[in-house]
Amino acid sequence: MKNIVILISGRGSNMEALIAARDAGRLPVNIAAVISNRPDARGLETAARAGITAHFVDHQAFAGREAFDAALAECIDGFAPDLVVLAGFMRILSDGFVRRYAGRLINIHPSLLPAFPGLHTHRKALEEGVRIHGCTVHFVTPTLDHGPIVIQAAVPVLDGDDEATLAARVLRQEHVVYPQAVRWFAEDRLRLEEGCVRLAAAPRAEAVLIAPEVC
Ligand code: GRF
């Protein structure tokens, strides 16, 4: 069974979705550890309650990005993960860190990339007046919120939506697609090959999820 390490910074609801999928027998992985860059991340308590090793590497204790990333990598490598899963990890990672985990570092972003990288994605979607919004799981490259796309889920933007209602609709889909992507990796069906996502024995359509509200 593959080892995964989950990195968080706060609430940790995507981490919870991964734990729930594992507990339900839908995600055959060993969650070796959850690591936060913030000591007060709510998700750390949730992980510990679930019996998962929970650590923090406080970014504020380090002089610069490289020093923090080195300490974080040392902590991660102690668990020998096959896959490092960024789940609301709110730190820009150095090129060296990204290269170290090339092909085994994935992220979830609350927009249909390449639209709306960065923060405040739901606000930007509302400002732009898009009719379809969503979330993306992708392999991480040195460019922020960029990289080969594994799976996306689309939701409608409805009349009367505000940031909170739209964020909640997207988050429900995040909790569906992230366990799916990690499951593909766990089953050796997902890999990165020369910068392209290879998804074995899964129809391309499986990587496109349209939330029921759209139909
Ligand atoms: C999610 O919307 C995720 O896509 C983004 O940050 C948020 C984290 O939420 N990267 P949670 O901590 O998983 O609840």
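Q: What are the ground rules here?
A: The model is predicted, so local features need pLDDT of at least 70 and side-chain atom pairs count only at pLDDT 80 or more, while totals for chains, interfaces and linings use all residues. Residues are numbered from 1 along each chain as its sequence is written, and side-chain values use heavy atoms, with hydrogens and water left out.

Q: Which residues surround the ligand?
A: Arg11, Gly12, Ser13, Asn14, Gly88, Ile108, His109, Pro110 and Glu174, each with a heavy atom within 4 Å of it.

Q: How much of the ligand does the protein cover?
A: The protein covers 86% of the 360 Å² of accessible area that the ligand has on its own (Shrake-Rupley method, 1.4 Å probe).

Q: Why does the ligand lie between the domains?
A: Because domain 1 (1-101) and domain 2 (107-215) both give residues to the shell around the ligand. The domain bounds come from an automatic or database assignment.

Q: Switching topic: where is the cis peptide bond?
A: From Leu113 to Pro114, with omega near 10 degrees.

Q: What is the phi of Ala80?
A: Near 45 degrees, a positive value in a residue other than glycine. Most residues other than glycine have a negative phi, and most peptide bonds are trans.
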